[in-house]
Amino acid sequence: MEPTPINLNNRRILLGITGGIAAYKAAELTRRFQDQGADVRIIMTRSATEFITPLTMQALSKHPVHLDLLNPDTESVMGHIELARWADLILIAPASANFLARFASGHGDDLLTTVCLAAECPVAIAPAMNQAMWSKAATQSNRSTLLSRGAHILGPDEGLQACGETGAGRLMAVDDLVLRASALFSTGALQGKTVVITAGPTREAIDPVRYISNHSSGKQGYALAAAASDAGAHVILISGPTHLAVPDRVTAINVVSALDMHEAVQSVIDQADIFIGVAAVADYRPTIAANQKIKKNQDGQRSLTLEFIENPDIIKAVAQRPDRPFTVGFAAETEHLETHAKQKLVNKQLDLVVANNVANTDIGFNADDNAITVVYHDGSRVLPMMSKRALSERLVEIIAQRLSST
Ligand code: PMT
């Protein structure tokens, strides 16, 4: 069976294009990444613009193309450091011999090399050049240097080249590039495990037309479901109402209220090796949900009092099972993050708590990014602000490590 690329939903790929005849293939590559769900942004070197226009790449990527270091226009849209932080993966395709040499020797005198130097995400390089240039000792030495520093070198392919010569130096085929680049996101850290994740808000009915809820969008829980699935897990996502698409290969169970969520969790928890409670579950629900719409000023009343009753604590019930899975809670806090998270770790008998500061609107509820403190019984670890997707991958690695050491 043909291998298929893993889903790239919510992945941020920064595509660097350098000068070479294969630059035109970057257009097709951009489309193929987008077909897999990726958000693609483009950096072009000045010599790349001799082979394909920035306008073409802007139209395809739907974002301004970044050309120069310290250009006031593009820097104000997204500065070079911000661009490096934005990316989940940087892929340079095609990468010229000149780029390999400059990156290997640590140059930072144009936008692309500077962003590569500043990158904390994986950097993949797809060389394309004349076969004699590729086989030269200098180029091979640059290749080895970059490999030893953690770069991923994809290709080149062998075959007939644009210059008429035959040999190794062709840009890897676009399909293969998409496959190999997407495989860089898969770790296999949770291969064979079943992970149950709750996500999103719950809605607690007041009457048939009104409810009480919260600001959870589901983004963090869905990102974690995608990351766990990419790490090889069978994922069951139990979600309150959201507008998000279910990640590929993830089994979704849609619920509305905390009681529904509790019931759904109980129905599948026997299968779970890991349970992660990302959902913002309502702690209380109206004691009575009226059968009919509550009328304004009923019997001349100027106020309305609702009585609430406590909802089941879903994660606590999971943690109290004799055959409990590895149980991870989230804690949305506005102050004293670590202290409050630690209390939840102990009170709910969890294995790990992820604390996020929801007082900052750039992270937490409904934001695309998050910054967290992972709290264990024997310590804690801070993960700085990054996309919820990138953060989820780091979290999956931490959970996998902790699980294997229990
Ligand atoms: O969905 P997003 O917009 O991306 O936002 C993400 C988030 C901010 C909702 C998420 O990162 C987060 O912090 N989720 C937990 C929010 C929360 O309700 O925390 P809590 O402190 O009330 O609950 C602690 C833990 O107990 C959580 O794992 C929660 O799922 C669980 N819980 C709480 C109450 C309850 N009745 N049952 C539960 O299982």
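Which residue forms a salt bridge with Lys-219? The partner is Asp-368, and the closest N and O atoms are 3.0 Å apart. The views below come from a predicted model, in which local features need pLDDT of at least 70, side-chain atom pairs count only at pLDDT 80 or more, and totals for chains, interfaces and linings use all residues. Residues are numbered from 1 along each chain as its sequence is written, and side-chain values use heavy atoms, leaving out hydrogens and water.

**View 1. Asp-368 meets Lys-219 in a salt bridge (a side-chain nitrogen of Lys or Arg within 4 Å of a carboxyl oxygen of Asp or Glu).** Asp-368 lies in the loop between strand E17 (352-357) and E18, and Lys-219 in helix H10 (residues 219-230), so the pair ties together parts 149 residues apart in sequence. Helices (H or I, at least four residues) and strands (E, at least two) are DSSP runs, numbered from the N terminus. Asp-368 is partly exposed at 48% relative accessibility, and Lys-219 is partly exposed at 27%. Here, buried means under 20% relative accessible area, exposed over 50%, and partly exposed in between (1.4 Å probe, protein chains only).

**View 2. Arg-12 pairs with Asp-369.** Their closest N and O atoms are 3.4 Å apart.

**View 3. Asp-207 and Arg-210 form a salt bridge at 2.4 Å, N to O.** Asp-207 is buried, at 4% relative accessible area, while Arg-210 is partly exposed at 34%.
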